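Q: I'm new to this one and would like a close look at a single part. Could you walk me through the aromatic contact and the pieces around it?

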Amino acid sequence: MNNGRFAIALHILTLLDKAKGELLSSDYLAGSININPVLVRKELSNLRKHGFVQSKEGKSGGSALAIAAQKITLGAVYESVKQVSLLGNQKNIPNPKCPVGKDINKHLNDLYNNTELVLINQLNQQTLTDLSNQF
């Protein structure tokens, strides 16, 4: 996951926590993040799908947290936006006759998965409240 989705999701969720239940529009959120509202709406849809956000449509609509910030771990947010391995994926197929090439992808996958588990475990020790309290 080498894109900005995690940062965008955390920015959105922190703003929603600071709003204390007030509905915030995607335009407002986009203005704070300084990105296109379409990207915010796409991320809000994902955050809704994972149960972090609730939204109301219409002129007086917007989004708010669906659950308390202290119940949202940063690890859960990370996993909700993760698309590929943190360290990437091996795309080539090495020479199977090479003593290293025949097993390198298996060992790299194990290394990448174990490294990502350490990150997720660390993120799971922090909640959205912990992050939000820094502002």
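A: Let's start with what counts as an aromatic pair: rings of Phe, Tyr and Trp (its six-membered ring) pair if their centres lie within 6.5 Å. This is a predicted model, and it holds one aromatic pair. The ring centres of Phe6 and Tyr78 sit 5.6 Å apart with their planes at 85°, so this pair is edge-to-face; the cut-off for that label is over 60 degrees. Phe6 belongs to helix α1 and Tyr78 to helix α4 (residues 74-81), so the pair ties together parts that are 72 residues apart in sequence. Both Phe6 and Tyr78 are buried.

Now take the Phe6 side. Helix α1 covers residues 5-18, and at 1.5 Å a residue its 14 residues should span 20 Å; the end C-alpha atoms are 20 Å apart, which agrees. Of those 14 residues, 11 are buried, so α1 is largely enclosed by the rest of the structure. Besides Phe6, the buried ones include Arg5, Ile8, Leu13 and Asp17. Just after α1 comes Lys20, with a positive phi of about 50°.

Technical notes: Residues are numbered from 1 along each chain as its sequence is written. This is a predicted model: local features need pLDDT of at least 70, side-chain atom pairs count only at pLDDT 80 or more; totals for chains, interfaces and linings use all residues. Side-chain values use heavy atoms; hydrogens and water are left out. Helices (H or I, at least four residues) and strands (E, at least two) are DSSP runs, numbered from the N terminus. The expected span of a helix is 1.5 Å times one less than its number of residues. Buried means under 20% relative accessible area, exposed over 50%, partly exposed in between (1.4 Å probe, protein chains only). Rings of Phe, Tyr and Trp (its six-membered ring) pair if their centres lie within 6.5 Å; planes under 30 degrees apart count as stacked, over 60 as edge-to-face and the rest as tilted.
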